[in-house]
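Dear colleague,

Please find below the structure that I am handing over to you. My notes on it follow directly after.

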Amino acid sequence: MEIDDRELVRRVFAGQTDDFRTLVDRHQQSVFRFASGLLGNREEAQDVTQEAFLAAFLNLSGYDASRAAFSTWLFTIARNRCLNLLKQRRPIAIHKPDSIGGVSPADPMISQELSQQLDRALAALPVEQRSAFVLAEIEELPYAEIARIERTSLGTVKSRIHRAKQRLQSLLEPVMRESK
Amino acid sequence: MTDQPYEQWLAERREVSPPPALADQIMSQVAELESQRRALWWLRVIQRIEQSRAARWGRVRRSASDWLLAVCLFTACCPVGVLLRS
């Protein structure tokens with residue numbers, strides 16, 4: 001029988017620190033994916049994931065299981081770390097990804113190029129839209145949970161995701177037209 | 001957003017995995033933090049003992065000095081009293 005997060009947190013808090021590994025194994029992939037989507041960089045995503053888990057371990061006494069799931073709390077920590085990192089970064093000149101025409105997604109090489117274009121488009125989104133989009137589309141979290149992580153209203157989350165999708169769709173449209 | 005290239009890109013992003021050694025790295029740092037925390041706990045215990053001993057010693061020292069002062073005053077005043085009575 002799988003032990004739930006709440007029980008694992010209780011055990012770690014009681015001194016059974018080895019049980020923290022189960023929490024790490026259970027959530028590292030989703031936290032890494034989220035950080036990766038938000039930062040667009042594997043090494044930084046690895047650092048953020050590591051820092052998020054260490055911060056969670058150090059501040060475990062501050063976690064209130066009655067208010068949020070452990071994963072929500074962890075995502076909130078990771079999100080804050082990512083935002084701090086993005087603030088520290090120098091503004092990177094991103095090529096305006098408005099033109100991705102002339103490619104056909106059927107070709108694997110071109111498909112890869114398209115994937116990179118979409119990555120660039122994601123990186124060009126405002127950070128709030130990017131974060132909400134990654135949590136919704138890549139992590140497939142419910143909107144209510146995203147609202148808790150983003151500390152905003154459900155309406156705002158929906159609007160951010162909608163705008164992010166619109167933007168990505170507008171970038172994808174020329175490609176689709178070309179391929180038809 | 002049901003277009004195939006987008007779905008393919010999304011599927012690729014959902015498959016992104018952290019490096020295999022990441023969990024071990026995190027747990028070794030957790031173990032380090034835990035040993036530091038234990039060391040700190042012992043340090044605090046020792047500090048408390050030291051502080052309480054010092055406080056006790058301080059109290060003893062204060063009462064000893066009070067007692068010494070009383071003796072000095074008594075011995076200083078006693079001959080005067082004896083002289084006055086005589």
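Chain B exposes about 6700 Å², of which 63% is supplied by carbon and sulfur atoms. Please bear in mind throughout that this is a predicted model. Chain B holds two helices and zero strands. Of the 86 residues in chain B, 17% are buried.

**The interface**

Chain B and chain A bury about 3100 Å² between them, and 63% of that area lies on carbon and sulfur atoms. The contact draws 36 residues from chain A and 27 residues from chain B.

With regard to charged pairs, three salt bridges are counted between chain B and chain A. One of these joins the side chains of Arg13(B) and Asp119(A), with an N to O distance of 2.6 Å.

On the side of chain B that touches chain A, the elements that give two or more residues are helix 1 (4–14) and helix 2 (22–85) of chain B. Helix 2 of chain B provides the largest share of that side, namely twelve residues. Sorted by class, the side of chain B that touches chain A comprises 14 nonpolar, nine charged and four polar residues.

**Individual residues in chain A**

Is Arg160(A) buried or exposed? Arg160(A) counts as buried because its relative accessible area is 17%, under the 20% cut-off. Arg160(A) sits in helix 8 of chain A, which spans residues 154–179. Apart from neighbours within four places in sequence, Arg160(A) is in contact with Glu128(A), Gln129(A), Ala132(A), Glu150(A) and Thr152(A).

Glu140(A) belongs to the loop between helix 6 (127–138) and helix 7 (143–150) of chain A. Its phi is near 55°, a positive value in a residue other than glycine. Glu140(A) has a relative accessibility of 52% and therefore counts as exposed, the cut-off for that class being over 50%.

Arg151(A) is found in the loop between helix 7 and helix 8 of chain A. Although Arg151(A) is not a glycine, its phi is positive, at about 50°. With a relative accessibility of 67%, Arg151(A) counts as exposed.

With kind regards

Definitions and conventions
Residues numbered from 1 in each chain as written. Chains lettered and ligands numbered in written order. Predicted model: local features only at pLDDT ≥ 70, side-chain atom pairs only at ≥ 80, totals over all residues. Heavy atoms only, no water. Contact = heavy atoms within 4.5 Å. Buried area = accessible area lost by both parts, 1.4 Å probe. Salt bridge = Lys/Arg side-chain N within 4 Å of Asp/Glu carboxyl O. Helix = DSSP H or I, 4+ residues; strand = E, 2+ residues; numbered from the N terminus. Nonpolar A, V, L, I, M, F, W, Y, C, P; charged D, E, K, R; others polar. Buried < 20%, exposed > 50% of the residue type's maximum accessible area, 1.4 Å probe, protein only. Areas by Shrake-Rupley, 256 points an atom, 1.4 Å probe, with all protein chains shown as cover.
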